Amino acid sequence: MKGNLKSFLTNEKKFNALAKRFFEHVDTDGSGEIDVGELAGAMKRLAAEFETDMPDKEDIHDLFDYIDEDKSGKIDFEEFKGLVRDILFVIVTETDKIGERYKKI
Ligand SMILES: [Ca+2]
């Protein structure tokens, strides 16, 4: 599993396919760009799924600004891929840390 995740980060084709699937989930109107409302919807769906607190307006705008690198007010696929890469990187890093912890036991 860990190896598979890492391969996503280095295999451009696999990574693009995965990122595209996520992108299409968020881009609910299929315009090819994500606006604040679509990002808010995606974050709320995630919060509901994981039964965590709903993100507030500030959280949503902070994340949006972070992803919207050129500050165009829309997130395009290239910018979105940066986010997916960050998320995968965190998962891989954390998984490694957890693995290390178990080795010590
Ligand atoms: Ca859109």
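Among contacts between residues at least 6 apart in sequence, 48% join residues at least 24 apart. The model on screen is predicted.

**The whole chain.** Start with everything shown. The C-alpha atoms fill a box of roughly 45 × 35 × 25 Å along the principal axes. Of the 105 residues, 9% count as buried.

**The core.** Which residues make up the largest nonpolar core? Select Ala-19, Phe-23, Ile-34, Leu-39, Ile-75, Phe-80 and Val-84; these are its seven residues. Helix H2 (12-26) and helix H5 (77-104) are the elements that give two or more residues to this core. Now centre the view on Ala-19. Leaving out residues up to four places away in sequence, Ala-19 touches Phe-80, Lys-81 and Val-84. Phe-80 and Val-84 belong to the core listed above.

**Helices H3 and H4.** Next, select residues 36-49, which form helix H3, and residues 57-67, which form helix H4. Two packed helices are described by the angle between their axes and the distance between the axes. For H3 and H4 the angle is about 120° and the axes are 10 Å apart. Their crossing is right-handed. To see what makes the contact, show the side chains of Val-36, Leu-39, Ala-40 and Met-43 on H3, then Ile-60, Leu-63 and Phe-64 on H4. How do these residues divide by type? Seven are nonpolar, with no polar and no charged residues among them. Leu-39 of H3 takes part in this contact and is also one of the core residues.

**Tyr-66.** Stay on helix H4 and select Tyr-66, which has its place there. Is Tyr-66 buried or exposed? Tyr-66 is exposed, because 12 other C-beta atoms lie within 10 Å and a residue with 12 or fewer counts as exposed. Draw a distance from Tyr-66 to Arg-21: the two are 45 residues apart in sequence and 21 Å apart in space, C-alpha to C-alpha.

**Two loop residues.** Move to the loop between H3 and H4 and pick Glu-51. The phi of Glu-51 is near 55°, a positive value in a residue other than glycine. Glu-51 counts as exposed, with 6 C-beta neighbours inside 10 Å.

Finish in the loop between H4 and H5, where Lys-71 is found. Lys-71 has a phi near 55°, again positive and in a residue other than glycine. With 7 C-beta neighbours inside 10 Å, Lys-71 counts as exposed.

Technical notes. Residues numbered from 1 in each chain as written. Predicted model: local features only at pLDDT ≥ 70, side-chain atom pairs only at ≥ 80, totals over all residues. Core = buried A, V, L, I, M, F, W, Y, C linked by C-beta atoms within 7 Å. Buried ≥ 20, exposed ≤ 12 C-beta atoms within 10 Å, placed from the backbone. Helix = DSSP H or I, 4+ residues; strand = E, 2+ residues; numbered from the N terminus. Contact = placed C-beta atoms within 7 Å. Axes fitted to C-alpha atoms, helices over the stretch in contact; angles between N-to-C directions. Left-handed = near helix turned anticlockwise from the far one by under 90°. Nonpolar A, V, L, I, M, F, W, Y, C, P; charged D, E, K, R; others polar.
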